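The questions below go through one model, from single residues to the whole chain.

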Amino acid sequence: NTIYLKDYQEPDYLIPKTQLTVEIFDDCARVSSRLSIKKNHSGERRELKLNGENLSFISVKYVGEESIAYDLCDKYLTIVPKSDDFILEIVNEIDPKNNKALEGLYQSGDIYCTQNEPEGFRKICYYLDRSDVMSSFTTRIEADKVDFPRLLSNGNLIDSGEMTGDRHYAVWEDPFPKPCYLFALVAGDLAKVDDNFTTKSGREIALEIFVDHGNEDRCEHALESLKKSMKWDEDRFDLEYDLDLYMIVAVDAFNMGAMENKGLNIFNSTCALANPDTATDANFFRIESIIAHEYFHNWTGNRVTCRDWFQLTLKEGLTVFRDQEFSADLNSRAVCRIEDVRALRDSQFVEDAGPNAHPIKPASYMEINNFYTPTVYEKGAEVIRMIHTMIGESNFQLGMKKYFDLFDGKAVTTEDFVHSMEVASGRDFKQFKRWYSQSGTPTVQVTSKFDEGADTFTLTFTQKLKNKSDQVYHLPVKLGLLDSNGEELELIMQGKSFGTETVLELHTDSQSFVFEGLKEKPVPSLFRAFSAPIILEMETKREDLAFLLSYDSDSFNRYEAGQRLAKLEIESLCEALRDNKVPQVDHLVLDAFSKLLRSANADEAFKALAFAVPSLVSITEQQKEFSPVIAQKAREILSHALAEANEDYLAEHFNRYNAKENYVFNAENMGLRSFKNMCLHYLLKLPKADYISLAQDQYDTANNLTDRFAALQALLQTQSTARDEALEHFYDLWKDDAIVINKWFAAQAGAPVGSSDQLIKKLENVEAFDIQNPNKVRCLYGAFAANLPQFHKEDGSGYHLIADKIIELNSFNPQIAAGLSKAFKKFGALKGQQKDFMKKALEKIIAVDDLSPDVYEIVSKTLKA
Ligand code: ARG
Ligand code: ZN
């Protein structure tokens, strides 16, 4: 059952006003809705089909009347309206306690909460559950006072009070019309931590975070992050918050990271709660960016929303771009860019090369929940970034102004966004829009030619597209040229100077650019800051990569040169391993990286990234024959050689930066900690008891989780009693903490040493595990499936373990089951027996009765690869 973008039709009816009453009882919740409905076209009156799933229907009538003719099936409540403008009163019941799919209204611990994007509202009541139906909501909640002292919904609290029988009520009114996917309701016994923010126009906004009792000391970082986000959106985008109250609720059972419900964000507790003992630097950083992301949605998502779910990247790509810029402005721009691109390549590039590849604006889907993907989000953000790169910050901001002028309060399309940018910049992005409708990562091949007599250097760019029907992309190439001293050269084309760095644009399948006035052959630095999400194919000598690693003024390309050099070396090592030769690490590579480590013109945060060997995913993606076991071996050989060649330096710098000051989260300290812990990680590649003690000591004495967990991870590379002791200690310390203990699962399931399907079967039986909690599923089974050498073990045991879990999860949480099903994405790249094993596992899943559309879509597409 596939839905197509081309079939979009405007809604026949609108719901300008929605009044809900939600009564929470022990055994169910009763929802009474009063919907003002209006015909939305000039033709004959058609039937009104309201969505509704898993609802116990009780009654439907026009206001003030007795009964009404209706038709009810498991997906719709249908009536034939008697007029063009009327009010319906509908009553139904739901069972939040047994809602394990975590969509609609459900229970997380003792808290009732909602998740309605994209199509969860139909599991709360009968409604036109589509994003182009925007309504003004008033919500009355009634519940027991003792169990549910907090009753929250969107907008402003306009009434509250006592009722008989230990019950109470609250009434919320949201002044901004919104689609029902932004509706939220929370009821429970929660602690509140609050703060406030004064907007640039002088309005005071109350900020409130609601958490389980006992977690009050983990809220400060989220509040600080929220205030920074509000300020940044004013400063950079001139956007101010529009309600008087901003609430965030943290819950433990949540299918994804967080949700931007108007005025009442609901967060996965891992994405909101932090203090130095319970969260690492990476967690602090991620929380800051997710708080920002959800806050930024208030304008890009809520004030201007999506016409339909094919437009998802309209709000997600743009909001990811905004949160990336926020992080880059507040931290190190270079480090942020490197990490964003690394994540893009390790997830999105892989998706784009696999069986579930789709354009950032898909043309069809079976289950929209499957499209909250790295492609829609992260590649979507890259597409926005390319526009920004081509028109510049000030035109981009004019484009945003235009966007809000034209579309505030509306549900629109990606074309509407691009149109705003075109109008503001005077550019034509007709060809550029192909990025929205074509899938696959394009390759750009580059060749160069230096002409001695003419003093010219010619670069020729050729696009290689992924699919037969694809057309050439329009994309920006930011570049510079370096002379043999590492100095930036002036760029002169057709007698005109472009300074030392410029942005070229590609439009055709092959294009050449001639740079003039060059006395010697320059070294080009192309696609600076990763100016387009492409695969660059260019033969570059190892010497030139080493040179760029030392001298490129663009941090991203400096990093990139090192990664390319390391990958060339790992490729050679893989070949040696395949041919049963003794692998030898190239001295040029060791020297280049050793020089980087000691370089005076790079900071520690950068070095921690640039001195790390390429990820296993990025290596295997380039292999002619997918083989994670060999790739992992080669990767370890290079790491070991780097550790050996720099042992003294690493040990000395580990000690130098290992000062036990109080933990403060900021970009600089984070950089120092990551550098120090990188040193430790390398040292434990060397089989010396001293280094194990070093890690053990850091584990024992650390005053923050960043250092403690880094020590644990360093130990996880070894087979030692220190490793076992640390693991045991960590479990005892954190087994009752829903958030921290998940790291213990993930670290072991993802460990290079000691992880196996047997270990997973042991871990799923420990008391702290719970398959109904999505975070635990991700940390145990998700981390195992991402541990490539283990998941792809020769005997197929990894595939069967994960297949069995998908089948189990499918019966109660299809979204999480489908997410795990994406682990089989390398099916098309496998051969021989390995492929047969995976095929059997996939067929076992597809044979399940009652397979959800979520899992069916992923697995059936995978089997076709
Ligand atoms: N809109 C949310 C966000 O990006 C995520 C919602 C995800 N929904 C889903 N069904 N996966 O902030
Ligand atoms: Zn989002």
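Q: Between which strands is the loop that holds L102?
A: In this predicted model, the phi of L102 is near 60°, a positive value in a residue that is not glycine. Most residues other than glycine have a negative phi. The loop that holds L102 runs between β8 (85–94) and β9 (104–108).

Q: Is L102 buried or exposed?
A: A residue counts as buried if 20 or more other C-beta atoms lie within 10 Å of its own. L102 has 24 other C-beta atoms within 10 Å, so L102 is buried.

Q: How far is D586 from L102, C-alpha to C-alpha?
A: D586 is placed in the loop between α9 (555–578) and α10 (587–598). Because D586 has 16 C-beta neighbours inside 10 Å, D586 counts as partly exposed. D586 and L102 are 484 residues apart along the chain, and their C-alpha atoms are separated by 52 Å.

Q: Which peptide bond is cis, with omega near -5°?
A: P118 is in the loop between β10 (111–115) and β11 (136–144). Most peptide bonds are trans. The cis bond, with omega near -5°, is the one from E117 to P118.

Q: Which secondary structure elements each supply at least two residues of the shell around ligand 1?
A: E117 and P118 are part of the surroundings of ligand 1, together with M256, A258, M259, E260, H293, E294, E316, N369 and Y372. By class, five residues of this shell are nonpolar, two polar and four charged. The elements that each supply at least two residues of the shell are β19 (258–259) and α2 (281–296).

Q: Which residues does T443 touch, not counting those up to four places away in sequence?
A: T443 belongs to strand β24 (residues 443–451). T443 has 14 other C-beta atoms within 10 Å and is therefore partly exposed. A184, 259 residues from T443 in sequence, is 43 Å away from T443 in space, C-alpha to C-alpha. Leaving out residues up to four places away, T443 touches K464, I534, I535 and E537.

Q: What covers the buried residues of α8?
A: Helix α8 spans residues 542–551, and its buried residues are L545, A546, L548, L549 and Y551. An α-helix has 3.6 residues a turn, so residues three or four places apart point the same way. The cover over the buried residues of α8 includes β26 (475–482), β31 (523–525), α9 and α10.

Q: How far apart are the end C-alpha atoms of residues 19–182?
A: UniProt, in an unreviewed entry, lists residues 19–182 as "domain: Aminopeptidase N-like N-terminal". The chain over this span is 0% helix and 49% strand. The end C-alpha atoms of residues 19–182 are 15 Å apart.

Q: What percentage of residues 440–538 is strand?
A: An unreviewed UniProt entry places "domain: Peptidase M1 alanyl aminopeptidase Ig-like fold" at residues 440–538. The end C-alpha atoms of this span are 19 Å apart.

Q: What percentage of residues 543–864 is helix?
A: For residues 543–864, UniProt gives the feature "domain: Peptidase M1 alanyl aminopeptidase C-terminal" (unreviewed entry). The end C-alpha atoms lie 43 Å apart. The span is 0% strand, and helix makes up 68%.

Q: What is the radius of gyration of the protein chain?
A: The C-alpha atoms fill a box of roughly 90 × 65 × 60 Å along the principal axes. Of the 865 residues, 50% count as buried. A compact globule with 865 residues would have a radius of gyration near 29 Å, which agrees with the value for the protein chain, 28 Å.

Q: What is the mean pLDDT of the protein chain?
A: The model scores ipTM 0.98 and pTM 0.99. In the protein chain, 100% of the residues reach a pLDDT of 70 or more. The mean pLDDT is 98.

Key. Residues numbered from 1 in each chain as written. Chains lettered and ligands numbered in written order. Predicted model: local features only at pLDDT ≥ 70, side-chain atom pairs only at ≥ 80, totals over all residues. UniProt positions renumbered as here; feature names shortened; annotations may be inferred. Helix = DSSP H or I, 4+ residues; strand = E, 2+ residues; numbered from the N terminus. pLDDT = per-residue confidence, 0-100. Near = placed C-beta within 6 Å. Nonpolar A, V, L, I, M, F, W, Y, C, P; charged D, E, K, R; others polar. Rg over C-alpha atoms; globule rule 2.2 N^0.38 Å. Buried ≥ 20, exposed ≤ 12 C-beta atoms within 10 Å, placed from the backbone. Contact = placed C-beta atoms within 7 Å.
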